[in-house]
Amino acid sequence: MSELKEKGLIFALDADSLNQALEWAERLRRYVSGFKIGAQFFTRVGLQAVKLIQEAQSRVFLDLKFHDIPFTVEEAAYETARMNVWMFNVHCSGGKEMMTRALRGAERGAKEIGKPRPKVLGVTILTSLSDSDLEQIGYRYNTQGQALHLARLALEAGLDGIVASPNEAPLLRKELGPDFIIVCPGIRLEPARNDDQKRVSGPREAIQAGADYLVVGRPIRDAKDPGATAHLILDEIAGANR
Ligand code: C5P
């Protein structure tokens, strides 16, 4: 695996208000590579969510998982890049052309504001889905096969990386090479506390499996001492790299 690649923790900032988000940002800033702003927080406060984190000198992963016709996704990607975010994502199942157009939109937006293009990631199979969920949707393969199929499509489309379960990370890393970014949610410190996640793993195992960044929300948010928990996860990441 490429030694120069950054490995790190991304906190899922699934907050209810700007004040709450600011508290989390101040508390966890020193531990994280960036904050992930998802549909819950973004639909509540809008653009201010992104500005708040950037003003706190941190990077934003805008997790809105675009999935629409190529034209619409290109325009959404253009607007997202104009927000100067660090990374954002689209669903791989939107198709290769949609992914290519997302990149094009991101390039256009970044050029306009004179900033680097945000990293564009493809969401493979949500970590909340199991093999039987996939069968119910009508997918052809199981979670592992479907994730690999979609990840290959993302690579061919030119995306920078993917979002996938740590369970699939070893196969994806082997098949997609050392430079493709793998971001893994579904991280749990106690295996018994899965919440709605079905394909989970511990932080050290996820990094050893080939993940670059771990997205963690509830295990930090619900901890007695969130800072100490974030610190522990960072130790696990460092331990896995040794
Ligand atoms: O609280 P928890 O650690 O389960 O949070 C995981 C975060 O990662 C949530 O914000 C969720 O929306 C996001 N996510 C995910 N699975 C994906 C992509 C994103 O759980 N495939």
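How much space lies in the largest pocket? About 530 Å³, and the ligand takes up space in that very pocket. Keep in mind that this is a predicted model. Here's a quick tour of the ligand, its shell and the pocket lining.

**The ligand and its contacts**
- There are 16 residues around the ligand, and those that come nearest are Asp 14, Lys 36, Arg 188, Gly 217 and Arg 218.
- Asp 14 puts a polar side-chain atom 2.8 Å from a ligand oxygen.
- Lys 36 has a side-chain N or O atom 2.8 Å from an oxygen atom of the ligand.
- For Arg 188, a polar side-chain atom lies 2.8 Å from a ligand oxygen.
- On its own the ligand would expose 470 Å², and the protein buries 88% of that.

**The shell around the ligand**
- By residue type, the shell splits into seven nonpolar, three polar and six charged residues.

**The pocket lining**
- The largest pocket has 28 lining residues, and nearest its centre you'll find Lys 36, Asp 63, Lys 65, Pro 185 and Gln 197.
- Strand S2 (34-38), S3, S8 and H10 are the elements that give two or more residues to this lining.
- Sorted by type, the lining holds 13 nonpolar, seven polar and eight charged residues.

**One residue to look at**

Conventions
Residues are numbered from 1 along each chain as its sequence is written. This is a predicted model: local features need pLDDT of at least 70, side-chain atom pairs count only at pLDDT 80 or more; totals for chains, interfaces and linings use all residues. Side-chain values use heavy atoms; hydrogens and water are left out. A residue is near a molecule or strand if one of its heavy atoms lies within 4 Å of it. A polar contact is a pair of N or O atoms within 3.5 Å; within protein, one must be able to donate a hydrogen and the other to accept it, and residues adjacent in sequence count only if both atoms are side-chain atoms. Accessible areas come from the Shrake-Rupley method with a 1.4 Å probe; for residues, only the protein chains shown count as cover. On a 1 Å grid over the protein atoms alone, a cavity is a set of points where a 1.4 Å probe fits but cannot get out, and a pocket is an open set with protein on both sides within 12 Å along at least five of seven lines; lining residues have an atom within 4 Å of a point. A molecule sits in a cavity or pocket if more than half of its atoms lie within 2 Å of its grid points. Ala, Val, Leu, Ile, Met, Phe, Trp, Tyr, Cys and Pro count as nonpolar, Asp, Glu, Lys and Arg as charged, and the others, Gly among them, as polar. Grid points are joined across faces, edges and corners, and a volume is the space filled by probe spheres set on the points. Helices (H or I, at least four residues) and strands (E, at least two) are DSSP runs, numbered from the N terminus.
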